[in-house]
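Biologist: I would like to go through this model with you. Could we take the loops, the helices and the charged pairs in turn?

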Amino acid sequence: MKAAIMGYGTIGSGVAKVLDTNKDIIKARLGEELELKYILDLRDFPGDPHEDCFVKDYKKIAKDKDVQIVVETMGGVEPAFTFVKEMLEAGKSVTTSNKALVADKGAELMEIAEKNNVNFVFEAAVGGGIPIIRTLTACLTGDVIEEIDAICNGTTNYMLTNMEQFGSDYNEILAEAQSLGYAEKDPTADVEGHDSCRKIAILTSLVSGKNVDFNEIPTEGISKISSTDFRYAKAMGCSIKLIARSVKVGDTYSCRVAPFLIKPEQMLYHVAGVMNAVSVKGNMLGESMYYGAGAGALPTASAVVGDMVFLARNTNRHVKIGWDHEKLELADSAKQEYRFFVRTSALQSNIENEFDKVEYSNLDLDEEVGFVTQLMTEAEFDERAAALGGVKQVIRVF
């Protein structure tokens with residue numbers, strides 16, 4: 001079975017290494033060898049074990065009828081979309097780790113794959129090495145998925161864990177994460193929640209069967225979280241995690257990405273460092289959690305190679321996943337209900353006038369007090385908080 005890799009960066013080279021290292025076990029499980037014929041990259045890699053495989057024109061791969069499986073690990077929407085589209089139209093199945101491509105063009109590419117009797121799969125696009133996509137599309141197809149809660153960005157989880165453990169401020173821990181290679185030079189996609197937003201959009205599209213526009217999901221990152229917030233969290237017996245949520249509401253889902261205060265009795269509380277986890281609640285199964293390395297060359301490449309084996313077992317046969325082009329109209333985010341932790345300079349009498357019964361968290365700080373509201377909608381909270389004034393921080397309670 002001949003295969004090609006488009007993009008020989010961290011993940012692409014990792015895929016080649018997995019194919020080399022586990023060559024015999026893959027052959028035994030598949031019944032034939034997965035042979036790497038081409039690697040597309042504009043750079044040269046002299047001395048690489050696959051030096052003879054490199055090409056600079058993607059059309060060479062598209063025109064070669066021997067190649068049945070293509071791996072896309074280039075990143076970004078373009079030119080990845082153009083290249084993948086041509087591979088599918090040429091009768092080749094494709095697997096990708098590219099969440100930007102899947103979130104933006106997933107439904108369209110699956111439609112093209114179906115028309116050409118091939119497959120487009122993306123296990124590594126959400127949880128790196130965590131097998132969450134196939135869990136949802138194969139193992140849990142007998143359940144109605146009522147809720148998904150995910151810590152699905154290792155960079156932000158590493159930063160929050162270290163802020164909690166060492167009392168570091170945001171800027172200090174960001175610089176450390178960048179020096180260790182956990183955060184990009186431009187960390188915006190991670191720290192502002194955009195990466196997690198795309199991932200929860202993909203998962204919601206899969207469980208709803210319709211296309212979710214990630215631009216419509218309310219998204220907050222961690223850049224406003226401070227060491228003071230963690231002091232309050234500790235006083236309340238909580239941690240702070242960046243969580244991507246999707247909750248079934250009637251015939252649709254309600255989504256949000258934001259930092260949450262979370263208690264030890266909840267599974268996601270214990271997910272630390274660069275690890276990721278996805279908690280899934282089915283109407284029959286109940287709650288289950290899928291935990292592991294959400295990034296990194298070999299964990300992600302392992303998921304990609306798993307997809308390659310799946311594609312090799314399903315040549316000349318389209319396997320329907322159930323993500324249609326029809327847009328899903330998400331539930332009104334203003335109607336989501338939470339308890340809210342608030343830090344404010346307002347007087348206690350004004351707090352109780354606006355929010356009635358609250359639970360105070362007192363650190364004896366000058367000119368501010370912390371409290372947790374009763375359960376209320378986002379819209380109701382916004383109205384009351386505006387009337388209160390002096391609000392310094394708001395974190396939802398999970």
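Biologist: To begin, where is Thr 141 placed?
Modeller: This is a predicted model. In it, Thr 141 sits in the loop between α7 (133-139) and β7 (145-151).

Biologist: Is Thr 141 buried or exposed?
Modeller: Thr 141 is exposed, with a relative accessible area of 55%; the cut-off for exposed is over 50%.

Biologist: How far apart are Thr 141 and Ile 243 in sequence and in space?
Modeller: They are separated by 102 residues in sequence and by 24 Å in space, taken from C-alpha to C-alpha.

Biologist: Another threonine, then. Where is Thr 204, and is Thr 204 buried or exposed?
Modeller: Thr 204 belongs to helix α11 (residues 194-208). Its relative accessible area is 0%, so Thr 204 is buried.

Biologist: Which residues does Thr 204 touch?
Modeller: Leaving aside residues up to four places away in sequence, Thr 204 touches Val 212, Ser 246, Tyr 253, Cys 255 and Leu 328.

Biologist: Let us turn to the salt bridges. How many does the structure hold?
Modeller: There are 27 salt bridges in the structure. One of them joins the side chains of Asp 64 and Lys 37, at 2.8 Å from N to O.

Biologist: Why does the pair of Asp 64 and Lys 37 tie together parts of the chain?
Modeller: Asp 64 lies in the loop between α3 (58-63) and β4 (67-72), whereas Lys 37 lies in strand β2 (residues 35-40), so the pair ties together parts that are 27 residues apart in sequence.

Biologist: And how accessible are Asp 64 and Lys 37?
Modeller: Asp 64 is buried, at 11% relative accessible area. Lys 37 is partly exposed, at 26%.

Biologist: What about Asp 41 and Arg 43?
Modeller: Their side chains also meet in a salt bridge, at 2.9 Å from N to O. Asp 41 counts as buried, with 10% relative accessibility, and Arg 43 as partly exposed, with 45%.

Biologist: Which residue meets Glu 368 in a salt bridge?
Modeller: The partner is Lys 392, and the N to O distance is 3.5 Å. This pair links distant parts of the chain, for Glu 368 is in the loop between β13 (359-361) and β14 (369-372) and Lys 392 is in strand β16 (residues 391-397), 24 residues apart. Glu 368 is buried at 12% relative accessibility, while Lys 392 is partly exposed at 44%.

Biologist: Now the helices. At what angle do the axes of α8 and α9 cross?
Modeller: The axes of helix α8 (residues 154-166) and helix α9 (residues 170-179) cross at roughly 130° and come within 10 Å. The two helices are therefore oblique to each other, and their crossing is right-handed.

Biologist: Which residues meet there?
Modeller: From α8, Tyr 158, Met 159, Asn 162 and Met 163 meet Tyr 170, Ile 173, Leu 174, Glu 176 and Ala 177 from α9. By class, this contact has seven nonpolar residues, one polar residue and one charged residue.

Biologist: Moving on, which residues in α12 are buried?
Modeller: In helix α12 (residues 227-235), the buried residues include Ser 227, Thr 228, Asp 229, Phe 230, Tyr 232 and Ala 233. Just after α12, Gly 237 takes a positive phi of about 75°.

Biologist: What is the phi of Asn 117, and where is Asn 117?
Modeller: Asn 117 is not a glycine, yet its phi is positive, at about 55°. Asn 117 is placed in the loop between α5 (99-115) and β6 (120-121). It is partly exposed, with a relative accessible area of 38%.

Biologist: And what of the phi of Asn 316?
Modeller: Asn 316 has a positive phi near 60°, and it too is a residue other than glycine. Asn 316 is in the loop between α13 (297-313) and β12 (337-344), and it is exposed, with a relative accessible area of 66%.

Biologist: Lastly, which kind of peptide bond joins Glu 78 and Pro 79?
Modeller: A cis peptide bond joins them, with omega at about 5°. Pro 79 is found in the loop between β4 and α4 (80-89).

How values were computed:
Residues numbered from 1 in each chain as written. Predicted model: local features only at pLDDT ≥ 70, side-chain atom pairs only at ≥ 80, totals over all residues. Heavy atoms only, no water. Salt bridge = Lys/Arg side-chain N within 4 Å of Asp/Glu carboxyl O. Helix = DSSP H or I, 4+ residues; strand = E, 2+ residues; numbered from the N terminus. Buried < 20%, exposed > 50% of the residue type's maximum accessible area, 1.4 Å probe, protein only. Axes fitted to C-alpha atoms, helices over the stretch in contact; angles between N-to-C directions. Parallel < 35°, antiparallel > 145°, perpendicular 65-115°, else oblique. Left-handed = near helix turned anticlockwise from the far one by under 90°. Contact = heavy atoms within 4.5 Å. Nonpolar A, V, L, I, M, F, W, Y, C, P; charged D, E, K, R; others polar.
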